[in-house]
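This report walks through selected geometric features of a single model. Please keep the sequence and the coordinates open while reading.

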Amino acid sequence: MRISIDDLTTLNNRNELKSYLNSLMSLSESQRKKTFMMFIDLNKFKYINDNFGHNEGDVVLIEISKLLKYVADTFNCFLCRYGGDEFILIKKNADEEKAISVCAFIDKAVSDLSDLLIAPYELSVSTGFVRFDSRFTSVQDFIDAADKLMYENKRSSKKDFSKLTN
């Protein structure tokens, strides 16, 4: 089980993600074009670890994981903990509008969770998404593209998921 499941969050891990993405590579072009990857990064996670301890950081990761599991179940997505405070959601059979709505849903859900927690810090995430297409010749190319768009969103002062489409 450790080969495919993250110990802390019990989500799929990076190994399972790569296996899942490799299976996507065998789909037809028309099926792949309906697949979106959302790269999600917890904002200011280092601040939580540095100021409140790694145990508190683990609690935050577990709570965010539960929330993202709910999102994945709601929108029928593959979900994994990519590493540290980074997560990846994959939505098949979708269009750009659906990808935007999933990102907005995640953002709102994390904001609501932050409001519910009695903690001296705020939780928020940055998300970037990309559609799978022929320019991606490897699984890593696909991951890197979503990661890049997530960082563009992180640097932006106002979240506008529609501007993240390429």
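Lys44 sits in the loop between strand 1 (36–42) and helix 3, where helices (H or I, at least four residues) and strands (E, at least two) are DSSP runs, numbered from the N terminus. Although Lys44 is not a glycine, its phi is positive, at about 55 degrees, and with a relative accessibility of 66% Lys44 counts as exposed; here buried means under 20% relative accessible area, exposed over 50%, and partly exposed in between (1.4 Å probe, protein chains only). The model is a predicted one, in which local features need pLDDT of at least 70 and side-chain atom pairs count only at pLDDT 80 or more, while totals for chains, interfaces and linings use all residues. Residues are numbered from 1 along each chain as its sequence is written, and side-chain values use heavy atoms, with hydrogens and water left out.

Asn76, in the loop between helix 4 and strand 2, likewise is a residue other than glycine with a positive phi, near 55 degrees. As background, most residues other than glycine have a negative phi. Asn76 has a relative accessible area of 63% and is therefore exposed.

Helix 3 (residues 45–52) and helix 4 have axes that come within 6 Å and cross at roughly 140 degrees, the axes being lines fitted to C-alpha atoms, for helices over the stretch in contact, with angles running from 0 to 180 degrees between N-to-C directions. That angle makes helix 3 oblique to helix 4, since angles under 35 degrees count as roughly parallel, over 145 as roughly antiparallel, 65 to 115 as roughly perpendicular and the rest as oblique. Phe45, Ile48, Asn49 and Phe52 of helix 3 make the contact with His54, Glu56, Gly57, Val60 and Leu61 of helix 4, contact meaning heavy atoms within 4.5 Å. Val59 also lies in helix 4 (residues 54–75) and is partly exposed, at 42% relative accessibility.

Turning to the rings, the count comes to 10 aromatic pairs, under the rule that rings of Phe, Tyr and Trp (its six-membered ring) pair if their centres lie within 6.5 Å, with planes under 30 degrees apart counted as stacked, over 60 as edge-to-face and the rest as tilted. Two of these pairs are set out below.

| Pair | Centre to centre | Angle between planes | Class |
|---|---|---|---|
| Tyr20 and Phe78 | 4.2 Å | 15 degrees | stacked |
| Phe132 and Phe136 | 6.0 Å | 45 degrees | tilted |

Tyr20 in helix 1 (residues 14–25) and Phe78 in strand 2 (residues 78–83) are 58 residues apart, so that their pair links distant parts of the chain. Phe78 is buried, with a relative accessible area of 11%; Phe132 is buried at 2% relative accessibility, and Phe136 is buried with a relative accessible area of 8%. Elsewhere, ring pairs join Tyr47, Phe52 and Tyr121 into a cluster.

Glu16, found in helix 1, is partly exposed, with a relative accessible area of 28%. Leaving aside neighbours within four places in sequence, Glu16 is in contact with Ser4 and Phe78. The C-alpha atoms of Glu16 and Tyr82 are 9.8 Å apart in space, for a separation of 66 residues in sequence. Over the face of Tyr82 lies Arg14, at 3.8 Å from the ring centre, where a charge sits over a ring if NZ of Lys or CZ of Arg is within 6 Å of the ring centre and within 35 degrees of the ring normal.
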